[in-house]
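Biologist: Could you walk me through how the packing and pairing terms are used here? I'd like each label set against its cut-off.

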Amino acid sequence: MLSCLLAGSLLLTAQNRGMVNTYNSRHARIWNADVTSVAWTDGFWGDRFEVCRDTMVLNMWHIMNDPELCHAYRNLEIAAGEAQGDHHGPAFHDGDFFKWFESMAAVYAVTRDPALDKLMDKIIATIAKAQREDGYMHTQVIIPERNRRKSATDNRGLVGTATGTAEGGAFNNRLNFETYNHGHLMMAACVHYRATGKRTLLDVAIKATDFLYNFYKTASAELARNAICPSHYMGVVEMYRVTGDPRYLELARNLIDIRGMVQNGTDDNQDRVPFREQMNAMGHAVRANYLYAGVADVYAETGDESLMRNLESIWSDIVNHKMYITGGCGALYDGTSPDGTCYTPDSIQKVHQSYGRAFQLPNSTAHNETCANIGNLLFNWRMFQISGDGKYNDIVERVLYNSLLSGISLDGTKYFYTNPLRLSDKFPYVLRWPKERTPYISCFCCPPNTVRTICEAQNYAYALSEEGVWCNLYGGSKLDTRLKDGSAVLLSQQSAYPWDGEVSITVGKAPRKKEMSIFLHIPAWCDHFTVRVNGQPVKAVADKGYACVRRVWKKNDVLQLSLEMKAKLIESNPLLEETRNQVAVMRGPVVYCLESSDLNGLDIDKVVIPASASFQPEMIEIDGAPMAALTGEALYLADDEWQDTLYREVRQGERKIRVRLIPYYAFGNRGHSEMTVWMPLNR
């Protein structure tokens with residue numbers, strides 16, 4: 001009741017409805033524009049958003065609503081008493097469904113499509129009925145409870161109401177993903193509220209958050225540890241931001257400390273080493289990155305410097321030792337995850353989907369679960385909101401253009417679970433996940449996560465601060481918002497980015513007779529840039545990844561940014577053994593790959609890139625999606641085979657060939673193929 005009263009009084013006066021709402025966060029410099037304030041208008045992300053609107057969201061609804069294929073929505077219907085049956089599917093199905101629902105709310109925020117609004121209302125009614133009276137929301141437990149009560153009624157037995165955690169079976173199995181499901185319910189509810197102004201799903205989420213608060217107040221450390229994949233850290237903090245209920249921030253802080261109380265913790269559950277002692281990325285990469293993002297949220301509200309010390313150290317370890325060139329995370333299908341402080345037998349545990357040791361980044365067997373890559377984005381966005389440092393948005397951009405988009409086909413209907421950097425038909429064994437995207441994956445967590453992140457990409461394009469507007473992602477877009485002082489701001493952007501480095505921003509509205517800063521992201525890959533206002537050069541220096549132009553803006557002022565964009569050969573640290581004496585190719589934020597579809601039958605393993613190679617952009621289409629390929633000259637090794645050969649004397653002989661490279665995210669959209677990001681280097 002207390003949280004409902006707080007929410008009722010605060011929601012009516014809320015002025016900011018950003019996706020990650022740090023508007024009132026005392027220790028965050030940056031906040032999101034409202035979810036209704038930004039829209040793609042054309043260009044790269046405009047095209048991707050069209051696929052979201054027309055295909056991704058509705059295609060996934062058909063999957064989620066097909067009980068023969070995916071039981072996610074049917075589980076909710078059974079729990080609500082709208083259908084009969086048993087729970088089917090993984091324990092995290094509820095959370096997957098809520099992720100998809102969030103994508104629908106994000107699209108509605110832009111399109112205001114009444115059909116989506118009607119569908120959301122219908123689904124929310126079912127979710128509300130499925131929720132247990134005490135706020136618990138996990139169909140794997142609720143459905144057996146309902147079926148037992150029905151059976152007791154049918155047998156004229158004594159019927160009780162299961163509300164206690166022991167009686168109701170809540171949190172009795174650490175692999176039940178209950179807090180994960182609750183966390184994604186909270187995030188979906190916050191986005192839905194901010195997009196529609198309706199409290200229907202938010203009220204469900206308030207009950208769920210109250211349940212977690214009461215549960216953690218009384219639970220033992222061992223019972224509380226049953227909180228696998230901690231999406232609820234982000235969810236609980238976002239609920240605090242929506243409602244202003246101080247209990248939710250108290251809960252978020254306690255969740256961090258609870259992890260330090262667990263005996264015999266595991267890296268799979270991110271609780272072997274208390275967070276406040278973690279200085280390196282470790283354990284299950286998805287759960288790790290979700291944890292880091294949630295802790296960053298807690299810091300934004302509390303300013304607890306002991307948390308920031310760990311976050312900065314972990315970030316440095318990821319970026320400098322454990323992240324793929326694509327922004328992917330979690331190198332190992334199954335491996336050991338040392339804590340980085342010592343290497344005793346007790347410090348190393350077997351863990352799946354794991355961060356490994358520093359520089360342990362295989363390519364053919366790279367796991368790189370799409371959810372881990374998205375977690376990397378979520379972590380870095382929150383670090384940017386706290387600091388305003390462009391190095392974090394460099395990672396956001398790298399993930400968006402590479403290891404996020406690779407997880408879904410260009411037509412928006414097929415998905416990867418893992419994102420390797422090399423595919424070879426000669427590889428002598430079958431990995432756990434398929435080499436080609438498929439319409440449905442038995443572990444269906446990544447597809448809805450991918451869809452919601454693409455549907456929400458516009459929310460990363462701009463941000464706001466006391467000083468003005470931050471331009472983070474370039475592409476055809478419109479920002480229609482207000483600053484904290486109430487001044488209206490309207491910006492329209494035109495750009496063919498990431499295929500071209502020219503950006504033009506036209507001012508439609510700005511504060512009258514008052515200076516405002518526009519911060520332009522200067523990515524780390526850019527060696528040279530220029531800035532002009534109304535055609536006249538402006539002296540601008542990149543400071544922490546942003547060039548600031550501050551002036552009194554007038555209607556129809558035009559701000560132009562030119563980013564030098566050339567193809568570059570990239571090499572890795574020599575300690576990264578898998579790619580020693582190899583190169584990858586990047587142009588702007590896009591990582592490229594060589595695909596056998598472009599080799600006319602030649603062997604992908606025999607292509608060598610000269611150190612002097614020069615690649616030029618060439619616009620092509622793959623499956624209707626325009627993109628810039630790169631063409632250039634390479635070497636092709638003498639025609640010989642390695643069949644049944646592990647080592648041999650070096651042989652010489654090569655010839656020149658022309659090759660075409662395509663964006664990494666686009667591989668696998670032309671039928672079965674081999675692919676590699678890293679290629680041998682001829683110096």
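Modeller: Let's start with pairing: two strands pair if DSSP finds at least two bridges between them. Strands themselves are DSSP runs (E, at least two residues; helices are H or I, at least four), numbered from the N terminus. This is a predicted model, where local features need pLDDT of at least 70, side-chain atom pairs count only at pLDDT 80 or more, and totals for chains, interfaces and linings use all residues. Residues are numbered from 1 along each chain as its sequence is written, and side-chain values use heavy atoms, with hydrogens and water left out.

Biologist: So what makes β9 and β10 a pair?

Modeller: Strand β9 (residues 488-495) and strand β10 (residues 502-509) share six bridges, in the antiparallel sense. Ser495 sits opposite Val503 in β10. With six residues between them, β9 and β10 form a hairpin.

Biologist: How do you know that β10 pairs with β16?

Modeller: There are five bridges between β10 and strand β16 (residues 558-563), again antiparallel. Thr506 stands opposite Val558 in β16.

Biologist: Why are α5 and α9 called roughly parallel?

Modeller: Helix α5 (residues 114-130) and helix α9 (residues 200-218) pack at about 20°, with axes 9 Å apart. Angles under 35 degrees count as roughly parallel, so α5 and α9 get that label.

Biologist: Which residues make α5 and α9 meet?

Modeller: Ile124, Ile127 and Ala128 in α5 meet Thr200, Leu201 and Val204 in α9 (contact means heavy atoms within 4.5 Å). By class, that contact has five nonpolar residues, one polar and no charged.

Note on methods
Axes fitted to C-alpha atoms, helices over the stretch in contact; angles between N-to-C directions. Parallel < 35°, antiparallel > 145°, perpendicular 65-115°, else oblique. Nonpolar A, V, L, I, M, F, W, Y, C, P; charged D, E, K, R; others polar.
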